[in-house]
Amino acid sequence: MKWYKFGKPSGRLIGQVDEFIVHSDSILEVEDSTAVKRVNYHKVPGEFVFAYGPSTGGLMESVGFDLFTPGELINHVDVDPNFKKRTLQVKGKSVQDALLVVERINGFHSVSNSIAFASAVEDALGIEISDEIRHTRILMMELERIRSHLEVVKRVCEPAGFGVPSNQIGYLREEVSRIISRATGHRFFFSSNGVGTVHFNANGIVPALDKIVNEFDHIFRGLLQSKIFLNRLQNNGRAHHPNLLGPAARASGLSVDARMDSGTISYKDIDFNPVLQEEADSFARFMVRSREIFQSAEIIRSLENVGDFKSADISVSGSGEGAARVESPQGDLFYYVNLEDGVVEDLKMVSPSYMNILAFEDSIVGNIFTDFHFNWESFGIWVSEIGVEIR
Amino acid sequence: MLQLLVVLLFGVAAILGALNRKLGYAGMLVSAVIFGLVQFTPASYLSYFSLISSFVWVFVAIYSFSYGEHYGKWLSSMLPLTIMGMALILISTNYLVLITGWEIMSVPSYVIIALNKKEDMPAAVFMLFSEFSTVFLIAGVAYAYSISGTLNIIALNDYLPMLLISLAGLTKMGMTPFMISEWLPIAHGNAPANASAVLSSTMTLMGVFVIMRLVFLSPLVIYIGIFFLIIGGLSIIFAAIYAYISENMKMLAGFSTIENNASILSAIGLYIIAFSPTLRSFILIVIIIFSLAHSLSKTGLFLAIGNTGGEFFGEITGFSNRWNNVGTFLTTISLSGLFPTIGGLGVWMLLESFFMEAYSGGFTGIMAIIVGSVLALGEGMATGALLKVLSFGNLFHRSNRGRRSIGSFTVMALGGFLVFMLSISILVFPSSFISGIPGVLIFNGFMITSKFGSADFGVLSPDYIILLISVFSILAYAIFRKPRHRTVPVWNGGRDIADIYTSYAYSNNIRLMLRKILRTRIGNQNQSITVMDVFWYAMLRTGKAYKSVCKYITLRFMNSSIGWYMIYMIAAFMITLIISVELI
């Protein structure tokens with residue numbers, strides 16, 4: 001493994017999957033598969049458990065919340081993402097077949113998953129990728145980040161009953177999907193990325209993206225003028241969790257970004273600094289995501305060398321183990337593969353959603369019910385990445 | 001003489017109660033019926049208080065046959081005795097008889113509270129405030145004697161006796177200028193349910209009675225009216241808030257008592273400041289209707305709470321049945337000021353009075369608008385509190401397998417009586433207040449109008465409301481027959497129901513929203529949220545500060561010093577002498 005080693009914890013905690021506790025620079029093998037876990041909480045007199053979800057209004061994915069409350073006030077929450085748990089058969093499949101499954105774990109973050117998986121395979125087999133492929137992958141990931149952040153900002157608007165900006169942003173998200181569709185042949189990047197290869201046509205992306213970003217800028221400024229909207233976000237769900245990942249971490253002032261500290265897809269030749277906010281509340285998370293939309297557009301504009309790129313497919317064979325970590329729109333996304341003659345013997349994925357759920361559980365304490373949706377949506381957690389068991 | 005003999009019947013009932021529980025309550029029942037029949041004269045305004053009291057005592061006596069068998073015979077003895085004190089107050093024509101009745105009413109109540117849980121605090125609190133009220137009463141009587149030269153209760157040419165005796169009444173009603181809440185709920189909430197009903201309904205009614213009695217005999221000064229309005233308004237809103245957040249059902253009912261009494265006090269205040277004879281005669285009816293509604297409904301509420309088998313919402317053990325639920329429903333909607341119960345009429349009339357006074361303009365008009373608004377707010381909050389009793393105390397989370405008992409029958413009968421009282425309430429209205437608008441099918445005789453100046457206020461008469469409800473219900477049944485219904489399982493987000501909504505959570509929004517007033521604290525280890533009764537807290541702090549000052553003076557200046565003690569005695573004697581001479 002080029003970027004990872006087994007051994008003592010080193011660097012930031014990324015999460016746990018089975019017996020792997022993954023840090024930014026190392027993998028620690030433990031026997032307890034639930035070493036990274038939430039706090040046990042017991043009801044105090046006067047409290048009851050309000051069950052919200054999984055099948056109810058206001059939630060995009062199937063997730064259940066047990067809200068411990070004496071009424072209105074939330075004293076504790078347990079998040080259960082396993083109501084619609086999917087079991088995906090990957091082990092024993094060829095890399096190409098496994099990739100088809102991996103990129104469907106979370107369609108919204110398909111490219112992050114497929115690039116992380118492909119990079120882990122490339123690490124296992126010692127395949128070097130060219131700068132052109134790396135830049136194309138960066139472009140794809142930034143495009144995915146824009147779409148994902150637009151979706152999260154849209155969802156933050158919904159609890160406030162802001163139908164107009166919500167639908168306007170939904171329209172912009174759709175426009176980004178159409179750009180992706182034109183560039184890859186699929187709205188969710190499916191089959192556009194492979195081991196040591198990538199298929200992407202970047203022609204005409206920048207002008208179309210500029211139009212979208214300008215329109216978003218207008219909506220974003222409008223939202224910042226709305227005191228009603230800001231009141232619902234500011235001081236709501238302050239999260240100062242040390243193990244936060246992605247935009248939620250950057251919203252609490254932590255300079256945490258796999259684009260800065262992961263060797264998998266290096267941004268070293270890109271003019272880029274993480275967007276930071278200090279407030280650590282829903283407003284800060286909304287701000288970080290909004291500002292990253294502009295930043296990602298800027299990164300895409302800087303990648304002038306990427307055009308209509310279609311590298312040749314390479315045959316995948318050989319054995320080895322590899323690991324990769326990329327900055328998905330939600331945060332650090334980690335993949336580990338163990339190959340045997342081109343067949344996946346073992347595959348492990350750590351989604352940033354798990355650590356961010358723990359942070360969300362901390363942040364909601366002391367808030368009231370009406371704050372709940374704003375806070376939950378501002379974290380941009382994707383339950384589909386957690387409620388999955390890879391076999 | 002006959003009246004005194006009837007009062008003594010309650011004493012006989014007390015003696016019987018000491019020998020046999022049911023015999024005592026039977027004696028109480030007979031005495032109450034005879035007392036009501038002897039005392040009530042339709043033309044005498046004050047005799048309505050006797051009638052209201054009789055109604056309450058009759059229902060309590062019937063209920064008591066099947067209630068509290070585990071209580072000793074002391075309860076069936078002390079309860080008629082405390083009622084004897086009230087009866088003595090109601091028949092009194094002499095201040096000495098009034099004071100005697102006041103004390104006879106208080107002392108057995110103290111014993112009931114003290115023996116109920118064998119706790120010192122609630123009984124001591126009750127006795128402390130009872131004696132406060134006695135001090136005010138004696139002071140008022142002394143001053144009345146000094147200006148009239150007689151202990152007979154006669155017309156006075158000074159308002160001060162009325163003010164002092166009103167303070168005695170206010171204390172009994174759970175209100176004083178310095179202490180708005182808490183003592184009454186603590187005391188009444190710690191008695192057996194039947195005794196709580198008597199204390200909360202008729203003991204507080206005695207406060208209203210003595211105030212009204214002195215109001216009729218004294219010159220009316222606008223400042224006293226404003227004073228009553230301010231005390232009433234403050235008490236309404238705070239009592240309603242504390243009722244809403246209370247987890248002890250009996251204390252909730254106690255706070256509701258304060259809220260109701262404060263409404264009556266506001267009406268009395270309005271009576272004093274109103275100059276219009278029409279409005280004054282309307283308010284007099286308001287006071288009687290509201291007192292009737294409060295006394296009967298509060299009795300029903302305490303009896304219904306008694307049927308739950310617990311004091312806190314979380315410790316309800318008793319079974320329920322349909323009779324009990326219907327009775328509790330009617331009781332709580334009456335206390336919420338809703339038709340078709342007498343409470344609906346009482347609240348409508350009370351608010352109507354304030355509207356009318358608002359039309360008179362000027363300072364009193366502004367006062368009427370402010371207090372009327374507070375009253376409406378308090379009524380809304382009280383409705384929320386009573387819905388809590390109805391839903392968490394009776395309808396939800398309580399097994400409906402209970403057998404029909406005398407207790408549940410009494411609650412049901414009381415609920416029905418509230419509707420019956422509404423249907424005959426038109427009898428207390430002078431014909432000048434009865435009219436109609438035939439053009440819109442409100443025939444003459446089916447509308448109550450206040451006939452106040454150019455602006456007429458009115459409402460459908462209670463009979464017409466009951467008639468309309470009955471006719472349309474029968475019509476709906478005739479057309480649609482028995483409603484078809486289907487039962488579906490509760491949807492809980494796709495999960496099994498693992499927990500239930502609590503009464504604590506029901507009222508927690510107010511704890512959080514009014515955190516400045518309630519001093520809401522979050523994060524206690526055992527109880528996630530705590531609140532504080534700021535008035536009770538202030539009183540305790542004042543008491544502690546007073547104790548500290550006394551201790552300091554005692555130790556610093558008077559510690560074994562006969563000289564300082566003599567100076568203190570002489571100074572105290574001289575001050576008392578000067579005040580007495582001034583008063584005389």
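This is a predicted model: local features need pLDDT of at least 70, side-chain atom pairs count only at pLDDT 80 or more; totals for chains, interfaces and linings use all residues.
I count a residue as buried if 20 or more other C-beta atoms lie within 10 Å of its own, as exposed if 12 or fewer do, and as partly exposed in between, with C-beta atoms placed from the backbone. Residues are numbered from 1 along each chain as its sequence is written, and chains are lettered from A and ligands numbered from 1 in the order in which they are written.

**Entry: helix 11 of chain A**

I list the buried ones as D371(A), F372(A), H373(A), F374(A), N375(A), W376(A), E377(A), S378(A) and F379(A). Their cover includes helix 3 (131-157), helix 6 (227-233), helix 7 (246-250), helix 9 (282-302) and helix 10 (352-363) of chain A.

**Entry: hairpin in chain A**

I found strand 6 (residues 64-69) and strand 7 (residues 76-80) of chain A paired in the antiparallel sense over five bridges; pairing requires at least two DSSP bridges between two strands. V77(A) in strand 7 is the bridge partner of L67(A). The two strands form a hairpin with six residues between them, and G71(A) in the turn has a positive phi of about 110°.

**Entry: sheet in chain B**

I traced an open sheet of three strands in chain B, in the order 1-2-3 and with antiparallel pairing. Strand 1 (434-437) and strand 3 (458-460) of chain B are at the edges with a single partner strand each, so one side of each has no neighbour in the sheet. Neighbouring strands of this sheet are turned by 50° against each other on average, direction ignored. Strand 1 pairs with strand 2 (residues 442-449) of chain B over three bridges, and I437(B) has I442(B) in strand 2 as its bridge partner.

**Entry: helices 2 and 3 of chain B**

I noted an angle of about 160° between helix 2 (residues 21-39) and helix 3 (residues 47-64) of chain B, with their axes 8 Å apart. Axes are lines fitted to C-alpha atoms, for helices over the stretch in contact, and angles run from 0 to 180 degrees between N-to-C directions. Helix 2 of chain B is therefore roughly antiparallel to helix 3 of chain B, a term for angles over 145 degrees.

**Entry: contact between the chains**

I recorded 20 residues from chain B and 20 residues from chain A in the contact, where two residues are in contact if their C-beta atoms, placed from the backbone, lie within 7 Å. On the side of chain B that touches chain A, helix 18 (503-506) and helix 19 (508-513) of chain B each supply at least two residues.

**Entry: N492(B)**

I located N492(B) in the loop between helix 17 (462-480) and helix 18 of chain B. N492(B) is partly exposed, with 16 other C-beta atoms within 10 Å. Leaving aside neighbours within four places in sequence, N492(B) is in contact with A51(A) and I497(B).

Key:
Helices (H or I, at least four residues) and strands (E, at least two) are DSSP runs, numbered from the N terminus. Angles under 35 degrees count as roughly parallel, over 145 as roughly antiparallel, 65 to 115 as roughly perpendicular and the rest as oblique.
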